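Thanks for making the time this morning. Please have the sequence and the 3D view open side by side, and I will take you through a few places one after another.

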Amino acid sequence: HVLLTKFLELVTEEGDWSYSMDVVQRLIDSEKVPKVRARYRHLAGMIARDELDDHDRAGELFGQAIDDDPFNFAAADELEALLETGDDRKALATFYYKRLDQVRNNEGRDGERLRLWDHLGELCMELDNHDDAVVAFEVALSLDPDNLDRRKRLADLYASDSKHDVKAIAQHHAILRANKRQLDSYKALKMLYERIRQPDRSRACAEALDVIGETRKPADTAAREITLRTFANEDWMTLARFDVDLQLSALFAIVAPPFAVERARMRPPIAVTTKEHETPAYVQKVFTRVLAALATPRPPVYFESDQATACKMVMRLRDGVLVPVMVLGKPVIEKKVDDYELAFSLARQLADLRTERIARLLCPRAGELAQIIELAAAPPGDAAGAHAARWLTTSLHPVELEQTRAIGSRLRERNVQPMAAAVSWLAATERAADRIGLIVTGDLLRCVTILERDPAGNDPSRILELAWSSTTEDVLNVRARVEGWAAVPPPIPPRTTQVRSAQ
């Protein structure tokens, strides 16, 4: 073996490549270690390719090298490059399938399986084998789920075949979660929903596209008379789980009421008369409709001419009891709001009567909510923890106390910062209120117009969030149930099927 190696050096120096191939073949035949034999085959392949211009023989030798040692990536790369420059594309596909099988359990170098699946997918597209291309890109996406370009490619591939419409819709929703301004995905969803005969969902995507693409037309002034079904508990949860911290919602629902009562003793809120103000018929009509949709109890109604907003839920003292009341302001008194704006505003405000949102009324300032978080999350043992434990013990029922302690423990594990968490919760519940208002009014363009007129609501990120969320499956499913969208009709069978059945 040593003599053959030395002899190989001599003949290669003289440039006798045919003789060199014979010597290397002798080395291959005499070598018992597969990895070493693979290196000799790799060497022989390079001689056949570069010096003898025998690409077929070179490909055969490279293939034998990686059969001996699947992790000889130098030989694998040489064979792949050789096949890529050749005309036999099916042979290249066979190579990719073989390599994927060889690195199934151990890919040998980082990203090798992902690279092979990507290349296989592109090759299948070139060979007009869409089904295999779909599988290849699906596997590649499962290996690298955060790659947005690959997800777009797979979504486009799905959309080219109607049998993959449901998968295409799911991919475009995933793309929009990562980039809410991806106009192509809104356009694709509009087309896909229309193709699967869901016009209401298609219209919702078209409205979002108009808002985000800034191609809005003047809104129709005529209000749609739709009989809304009542919100279910699942609907409320669906609209909140986008970004609302549900642990904080649960904590505030328990602790905010006693906290607000104690604060009211120190700083009594404004008192109102026992008799509420008379509600005009045009307000009562919208009010009744929104209350029925949200299934919330009707609060007392009062008018305050110095209030700049159309309506606002606030806490007031009524007959010595702290109660939530609806205060209608100057725009309603002067009839400067239409039914859409009034319904949107009422829905957003009345939503705060829900148990998981009541803290927005009881403790509207972020600092107060932060204090509640500090009380619950205070570590036991120090002075702050002892004070918090005393207050919680005297203010809460034993069951509520245990629930609060359990939530506080989780908040400590999460290392929640009280003030930042309180501000974030208020902002998230504000966005959830926008979604609730959208469901009640059913018109995204008008909802966005209303927010843009409101200095507090005219936030581009908030408007983008509402427009994007209006196209998500969660919001669309709630709208479908509440608005009573028609069920999707069964697909029309192809003509060939009809003929065959008739025969």
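This is a predicted model: local features need pLDDT of at least 70, side-chain atom pairs count only at pLDDT 80 or more; totals for chains, interfaces and linings use all residues.

The largest pocket holds about 1,200 Å³ of space, where a pocket, on a 1 Å grid over the protein atoms alone, is an open set of points where a 1.4 Å probe fits, with protein on both sides within 12 Å along at least five of seven lines, and where the volume is the space filled by probe spheres set on the points, which are joined across faces, edges and corners. Residues are numbered from 1 along each chain as its sequence is written, and side-chain values use heavy atoms, with hydrogens and water left out.

By residue class, the lining divides into 23 nonpolar, four polar and 15 charged, with Ala, Val, Leu, Ile, Met, Phe, Trp, Tyr, Cys and Pro counted as nonpolar, Asp, Glu, Lys and Arg as charged, and the others, Gly among them, as polar.

Met-313 also comes up at Pro-299, since Pro-299 is in contact (heavy atoms within 4.5 Å) with Met-313, Phe-287, Leu-291 and Pro-324, among others, leaving aside neighbours within four places in sequence. Pro-299 sits in the loop between helix H15 (281-294) and strand E2 (301-303), and because its relative accessibility is 5%, Pro-299 counts as buried, which by our rule is under 20% relative accessible area, with exposed over 50% and partly exposed in between, using a 1.4 Å probe and protein chains only.

Now to the aromatic rings, where rings of Phe, Tyr and Trp (its six-membered ring) pair if their centres lie within 6.5 Å, and planes under 30 degrees apart count as stacked, over 60 as edge-to-face and the rest as tilted. That rule gives six aromatic pairs. Phe-231 and Trp-236 have ring centres 5.3 Å apart and planes at 50°, so this pair is tilted. In Phe-242 and Trp-468 the centres are 5.7 Å apart and the planes at 90°, so that pair is edge-to-face. The latter pair links distant parts of the chain, 226 residues apart, with Phe-242 in the loop between helix H13 (233-240) and helix H14 (246-266) and Trp-468 in helix H24 (residues 460-469). Is Trp-468 buried or exposed? At 8% relative accessibility Trp-468 counts as buried, whereas Phe-242, at 22%, counts as partly exposed.

Lastly, the backbone. Most residues other than glycine have a negative phi. Asp-319, however, has a positive phi of about 55° although it is not a glycine, and this residue lies in the loop between strand E3 (311-318) and strand E4 (321-328). With 53% relative accessibility, Asp-319 counts as exposed.

Conventions
Helices (H or I, at least four residues) and strands (E, at least two) are DSSP runs, numbered from the N terminus. On a 1 Å grid over the protein atoms alone, a cavity is a set of points where a 1.4 Å probe fits but cannot get out, and a pocket is an open set with protein on both sides within 12 Å along at least five of seven lines; lining residues have an atom within 4 Å of a point.
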